[in-house]
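Work through the exercises below with the structure in view. Each task is followed by its solution.

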Amino acid sequence: MSKFFGVVPPVVTPLNPDFSVDYPSYARVLEYLIEGGCHGLFVLGSTSEVVFIGEAARREILEFTVDKVNGRVPVIAGVIDPTTDRVIGHARTAQAAGVDAVVVTAPFYTITDQNEILDHFRYVKDAVDVPIVAYDIPVCVHTKLARKTVVQLANEGAIVGLKDSSGDDGNFRYALLDLAGNRDVFLMTGSEIVVDNALMMGADGVVPGLANVDPKGYVRLWDAAQRGDWAAARAEQERLCQLFEIVWVAAGRVSGGATGVGGFKTAMRSLGVIDTNVMARPRAPLNDDEARGVDAILRSVGLLA
């Protein structure tokens, strides 16, 4: 069985007012997630605002993370960039930093087909000696990782896992069925609000951005599923669905991506985990009125007095 399982949040990157990384806050985030019982950490993912972070800062974040985590849980690193050779460069940096696996999407901006996507993953696999996790997120890269592509890459040994943020639960179920006999491969959902369903289907875990706000809630959900208490898992999931409504507080004023990560950051600021809710430019942070809306939701689920 893979060492990658359970609750593996995509870690928020706190920023200072000058848009540099706020490392004291970031250290608190890492401790908050580990102390919350998370089974691994995914840094430099979409929730980390990775595409806004330059090469030097990515290296600093990885080195800081690996040092701070110190082997307590696996660290998985996003090496997300539009083209193969850029991804390989990030993957080599991540390997040198000592991460346990790297996360690769399909190429983006450039238009590719499934055969080229297969080669993309193979080229990265050949270039580095670190496990590769496929990341299916068509809302951002505008290409779906086809079921056959994922299965072929897994059976070739080019990938060790999948983070499915496609929203296509039917396709995810078929991938679980196709790879049910391959215990060297793990499959996780990236959806915050259907985790109980995914675990019941046989998913190996969840990569929820909302766990930055409430890691213990997702760990409770995972634990309930592991003991087969699906009523408790459903109840926890429904509470987390209520909490997830923070991502819509600023809807209509800023982009969907900004309302999501911005909602997480604003909630984490209210909980004292990070110092600011600054977003990478040009994304706008939530304003004071919206922050009060987030706080009302935090209170409704018992996270804020």
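Predicted model: local features only at pLDDT ≥ 70, side-chain atom pairs only at ≥ 80, totals over all residues.

Residues are numbered from 1 along each chain as its sequence is written, and side-chain values use heavy atoms, without hydrogens and water.

**Exercise 1.** Describe how H2 packs with H3.

Step 1. Helix H2 spans residues 55-69 and helix H3 residues 84-97; helices are DSSP runs (H or I, at least four residues) and strands are runs of E of at least two, numbered from the N terminus.

Step 2. The angle between them is about 25°, and their axes are 9 Å apart. Axes are lines fitted to C-alpha atoms, for helices over the stretch in contact, and angles run from 0 to 180 degrees between N-to-C directions.

Step 3. That angle makes H2 roughly parallel to H3 (angles under 35 degrees count as roughly parallel).

Step 4. The contact (heavy atoms within 4.5 Å) involves Glu55, Arg58, Arg59, Leu62, Glu63 and Val66 of H2, with His90, Thr93, Ala94 and Ala97 of H3.

**Exercise 2.** Which residues line the second largest cavity?

Step 1. On a 1 Å grid over the protein atoms alone, a cavity is a set of points where a 1.4 Å probe fits but cannot get out, and lining residues have an atom within 4 Å of a point.

Step 2. The lining consists of Leu44, Glu55, Arg58, Arg59, Leu62, Gly78, Val79, His90 and Thr93.

Step 3. H2 gives the largest share, four residues; H2 and H3 are the elements that give two or more.

Terms used. Parallel < 35°, antiparallel > 145°, perpendicular 65-115°, else oblique. 1 Å grid on protein atoms, 1.4 Å probe; cavity = no way out; pocket = protein on both sides within 12 Å on 5 of 7 lines; lining within 4 Å.
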